[in-house]
Amino acid sequence: MSESKYIIAPSILSANFATLGEEVVNVLNAGADWIHFDVMDNHYVPNLTIGPMVCKSLRDFGVKEFIDVHLMIDPVDELAQSFIKAGADLISFHPEASKHVHRSIHAIKDQNCKAGLVFNPASSLDILENVIEDLDLVLIMSVNPGFGGQSFIHSSLDKVEKVRKMIDETGKDIRLEVDGGINNDTINLAAQAGADTFVAGSAIFNTDNYEQTISTLRAQIT
Ligand code: DX5
Ligand code: ZN
């Protein structure tokens, strides 16, 4: 996935859902690289959000940019296929939510969609050793999944450093994304630990000037 070195992916969880199409267009025009699309099922996480129909609606609305779908759902496989049909570019899921992680990854990749694996703050990275070469992205959660606007969990930085080493050892083009509590104070901590892709929800959508917010966020990365 050769793209720009650092990617900012606004999480639409904190957008105004009543005007979602416009919110997405505005944040992309303001300099966002990807759209991060959080899917919650009130089962794997204690919250409920949006499904593949909303992803398709964004495509029908004219959104052509990269849609990074973060599944916080159990089970994974059937809805992953629905999101591919709805126009997702990348689908990441939590290994705890799939009985057969390798199969779930390849079911996504077989449909020419990129695949990512997500690790919660308390999740071990053991499983990653077995599948890292198959992935396009590793996502490290820096909050517990389920809600926007939570505080960054600093111990996640150790995990980012470990995954950076693992990715570098593969020599492959695998992005390292961090999600949760990313703002002007934390983005560079994540970047210094080795992350190259940054999800930010409340830090972007809770401000009035998305362009200024995104360029300020980018400027923190040294
Ligand atoms: C949390 C979601 C995040 C969330 C981040 O479960 O996966 O993508 O929107 O929100 P902030 O950036 O506000 O922490
Ligand atoms: Zn997310």
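A polar side-chain atom of Ser 11 sits 2.7 Å from an oxygen atom of ligand 1. The model in which this pair occurs is predicted. The surroundings of ligand 1 comprise 20 residues. Ser 11 is listed with the closest of these, together with Gly 146, Asp 179, Gly 201 and Ser 202.

Rolling a probe the size of a water molecule over the atoms shows where empty space is left. In this structure, one cavity reaches 30 Å³ or more, and the space in the largest cavity amounts to about 220 Å³. Its lining is made up of 25 residues, and those closest to the centre are Phe 147, Gly 148, Gly 149, Asp 179 and Gly 180.

Strand S2 (34-40), strand S3 (66-72), strand S8 (197-200) and helix H8 (202-205) supply at least two residues each. By residue class, the lining of the largest cavity holds 11 nonpolar, 12 polar and two charged residues.

Lys 109 belongs to helix H4, which covers residues 101-109. Its relative accessibility is 29%, and because this value falls between 20% and 50%, Lys 109 is classed as partly exposed. Beyond its neighbours up to four places away in sequence, Lys 109 touches Ala 115, Asp 134 and Asp 136. With Asp 134 there is also a polar approach: the side chain of Lys 109 reaches the backbone oxygen of Asp 134 at 3.0 Å. Ile 221 lies 112 residues from Lys 109 in sequence, and their C-alpha atoms are 31 Å apart in space.

Thr 170 is part of helix H6, residues 156-170. Is Thr 170 buried or exposed? Its relative accessible area is 16%, which is under 20%, so Thr 170 counts as buried. The side chain of Thr 170 comes to 2.6 Å from the backbone oxygen of Ile 167. Once neighbours within four places in sequence are set aside, the contacts of Thr 170 are with Ile 132 and Glu 133.

Notes. Residues are numbered from 1 along each chain as its sequence is written. Chains are lettered from A and ligands numbered from 1 in the order in which they are written. This is a predicted model: local features need pLDDT of at least 70, side-chain atom pairs count only at pLDDT 80 or more; totals for chains, interfaces and linings use all residues. Side-chain values use heavy atoms; hydrogens and water are left out. Helices (H or I, at least four residues) and strands (E, at least two) are DSSP runs, numbered from the N terminus. Buried means under 20% relative accessible area, exposed over 50%, partly exposed in between (1.4 Å probe, protein chains only). A polar contact is a pair of N or O atoms within 3.5 Å; within protein, one must be able to donate a hydrogen and the other to accept it, and residues adjacent in sequence count only if both atoms are side-chain atoms. Contact means heavy atoms within 4.5 Å. On a 1 Å grid over the protein atoms alone, a cavity is a set of points where a 1.4 Å probe fits but cannot get out, and a pocket is an open set with protein on both sides within 12 Å along at least five of seven lines; lining residues have an atom within 4 Å of a point. Grid points are joined across faces, edges and corners, and a volume is the space filled by probe spheres set on the points. Ala, Val, Leu, Ile, Met, Phe, Trp, Tyr, Cys and Pro count as nonpolar, Asp, Glu, Lys and Arg as charged, and the others, Gly among them, as polar. A residue is near a molecule or strand if one of its heavy atoms lies within 4 Å of it.
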